[in-house]
Amino acid sequence: MIIHSAPDYHIYFGDAKDRMFPDQYKNWNDFSLISREPIIPLAERLSLHALFFLKQTHSSQGYVVNQTMLKKSPPFSKEGDFLITQESRVGIGVMSADCLPVIAYDKKRHVVGIAHAGWRGAVVGVVPEMVNQLKQVYACDPKDISVFFGPSAKRCCYKVGSNFSEQLEAYPLHDQLLQKQGDSLFFDLPLLVEQQLTLLGVASQSIRKEYNTCTICDTRFHSHRRGSSLGSGNRVGRQMTVVVLK
Ligand SMILES: [Zn+2]
């Protein structure tokens, strides 16, 4: 677990110690999330008044988290893959195990966003859609947005099938996203999202990758790929990534 603290916000990058399991947290669709184990220590460390997650579906859908949303909709009650908010001490988070958590912060508008981008979500444009919502709802300028990538499957281990390139044909820079090694093909998910962000006007020096550890080869993290390869009886957990405005 790492907490990245900046003057205006905290980001929590969890790991396998989070011990979050979908079959368990999907039933937590009431308002008691920050008073549940194992969320309590996180809520205390980040001084959270509330914490919001979605039922993730690898889509490009997302929501603005405001006071009305917090009163009406419990965490995990809505489907989607990104959240944006201007509310202080309201954590917004994603669960992942190989998919890329993408955090955005706009220093001028004082807003944050978080997206869950596996290859499906990345290809349908969940991260560009989050940036578009930040522009529309809060008048953010992509030039003022800083981005952090959390832990995800990376090119060292993210093996894909020979037909996978068809998924990427719509992207102008797609030939950089796949690397051949012998008979195998490896996909660079963080690079796809980085390309999407820079095309929208986010500065490449504002995209920070020091927390983007590979979940497949670094066993400190939950990995769907690594877990599934151990057999169907293996219950694969998720790590949490949470951003909160102070
Ligand atoms: Zn790796």
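Three strands form an open sheet in the order 10-12-11, with antiparallel pairing. Strands here are DSSP runs of E with at least two residues, helices are runs of H or I with at least four, and both are numbered from the N terminus. Two strands pair if DSSP finds at least two bridges between them.

Strand 10 meets strand 12 (residues 184-187) over 2 antiparallel bridges. Lys 159 has Phe 186 of strand 12 as its bridge partner.

## Basis of the model

The model is predicted: local features need pLDDT of at least 70, side-chain atom pairs count only at pLDDT 80 or more, and totals for chains, interfaces and linings use all residues. Residues are numbered from 1 along each chain as its sequence is written, and side-chain values use heavy atoms, with hydrogens and water left out.

Strand 1 (residues 2-5) pairs with strand 2 (residues 9-13) in the antiparallel sense, over 4 bridges. A hairpin of 3 residues joins strand 1 to strand 2. Ile 3 has Tyr 12 in strand 2 as its bridge partner.

## The zinc site

Cys 156, Cys 157, Cys 214 and Cys 217 give their SG atoms to the zinc ion, at 2.2 to 2.4 Å. Donors are N, O and S atoms within 2.8 Å of the metal (3.2 Å for Na, K and Ca); water is not among the atoms, so sites may look incomplete. The spacing along the chain is C-C-x56-C-x2-C. Angles among the 4 donor atoms run from 101 to 117°, and the site is tetrahedral (four donors, all angles between 85 and 135 degrees).

Cys 156 sits in the loop between strand 9 (145-149) and strand 10 (159-160), and Cys 217 in the loop between strand 13 (207-208) and helix 7 (224-229), so the pair ties together parts 61 residues apart in sequence. Cys 156 is partly exposed, at 48% relative accessibility. Buried means under 20% relative accessible area, exposed over 50%, and partly exposed in between (1.4 Å probe, protein chains only).

## Helix 5

Helix 5 (residues 126-138) has 13 residues. From first C-alpha to last, helix 5 reaches 18 Å, close to the 18 Å expected at 1.5 Å a residue (1.5 Å times one less than the number of residues). Its buried residues include Val 127, Met 130, Val 131 and Leu 134. Just after helix 5, Ala 139 takes a positive phi of about 55°.

Terms used. Four donors count as tetrahedral if all angles lie between 85 and 135 degrees; four count as square planar and six as octahedral if opposite donors are over 155 degrees apart and all others between 65 and 115; anything else is irregular.
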